[in-house]
Amino acid sequence: MSWGRAPVVLLGGGATLLLSFLWMPALLPVASRLLLLPRALLSMASGSPPTQHSSASGSGYVPGSVSAAFVTCPNEKVAKEIARAVVEKRLAACVNLIPQISSIYEWKGKIEEDSEVLMMIKTQSSLVPALTEFVRSVHPYEVAEVIALPVEQGNAPYLHWVHQATASVSHSGTAPSSA
């Protein structure tokens, strides 16, 4: 499948909500504030001021330095091949494969509907351009979907691991060669 315009992706449960925000970047600042609402309400109820998140909190994580990139593939075989390659090249720390998503989109004047596999790729934000170029070079679609969103917050040890797992690429500027 090739993308002409933004597709509609149909998933169940919380994944639908997550992916609906991916297609509406203007809502992301609102969504991130909504995630902090329960904490703010709890602190108001206890009478203590809400805590502010910052990189000075001891985690050392710089908000936005890790990204979650999303790529759709025609089938699991292609998705696994690309996933393994980006991890081996250290362009990604981890790739999750979400099977059997339905994509509905307009392409070359016709409404299309396909079953695809969604790849969720965790990487350093600085590696997104190299990741995009690699995916484009091996992907079977005429126009491969590669979109990335910065991670503002998360489990600090995990975010640190993403940096470590992709460190040799970000320091050298090129992927290490495989034996």
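Here are some notes on the predicted model above, point by point.

1. Ground rules. This is a predicted model, where local features need pLDDT of at least 70 and side-chain atom pairs count only at pLDDT 80 or more, while totals for chains, interfaces and linings use all residues. Residues are numbered from 1 along each chain as its sequence is written, and side-chain values use heavy atoms, with hydrogens and water left out.

2. Overall layout. The chain has six helices and five strands, and from the N terminus the order reads β-α-α-β-α-β-β-α-β-α-α. Those elements are DSSP runs numbered from the N terminus: helices are H or I with at least four residues, strands are E with at least two.

3. Burial and surface. Of the 179 residues in the chain, 34% are buried. Buried here means under 20% relative accessible area, exposed means over 50%, and partly exposed is in between (1.4 Å probe, protein chains only). The chain exposes about 10500 Å², with carbon and sulfur atoms supplying 61% of that area. Accessible areas come from the Shrake-Rupley method with a 1.4 Å probe, and for residues only the protein chains shown count as cover.

4. Contact range. Take the contacts in the chain with a separation of 6 or more: 74% of them are between residues 24 or more positions apart. A contact means heavy atoms within 4.5 Å.

5. Val151. This residue sits in strand β5 (residues 147-151) and is buried, at a relative accessible area of 17%. Val151 and Ser65 are 86 residues apart in sequence, yet their C-alpha atoms are 7.1 Å apart in space. Setting aside neighbours within four places in sequence, Val151 is in contact with Tyr61, Pro63, Gly64, Ser65, Val66, Ser67, Ala68 and Leu159.

6. Helix α3 against helix α4. Two packed helices are described by the angle between their axes and the distance between the axes. For α3 (residues 76-88) and α4 (residues 128-138), the axes come within 11 Å and cross at roughly 145°. Ile82, Ala85 and Val86 of α3 make the contact with Leu131, Phe134, Val135 and Val138 of α4. By class that gives seven nonpolar, no polar and no charged residues. Axes are lines fitted to C-alpha atoms, for helices over the stretch in contact, with angles running from 0 to 180 degrees between N-to-C directions. Nonpolar covers Ala, Val, Leu, Ile, Met, Phe, Trp, Tyr, Cys and Pro; charged covers Asp, Glu, Lys and Arg; the others, Gly among them, are polar.

7. Aromatics. A search of the whole structure turns up one aromatic pair. Tyr158 and Trp161 form this tilted pair, 5.5 Å centre to centre with 45° between the planes. Rings of Phe, Tyr and Trp (its six-membered ring) pair if their centres lie within 6.5 Å; planes under 30 degrees apart are stacked, over 60 edge-to-face, and the rest tilted. Both residues lie in helix α5 (residues 156-165), three residues apart, about one turn of the helix. Tyr158 is partly exposed at 30% relative accessibility, and Trp161 is partly exposed too, at 36%.

8. Most residues other than glycine have a negative phi. Gln100, not a glycine, has a positive phi of about 55°; Gln100 is in strand β3 (residues 94-107) and counts as exposed at 69% relative accessibility. Lys108 also has a positive phi, near 55°. Lys108 falls in the loop between β3 and β4 (110-124) and is exposed, with a relative accessible area of 62%.
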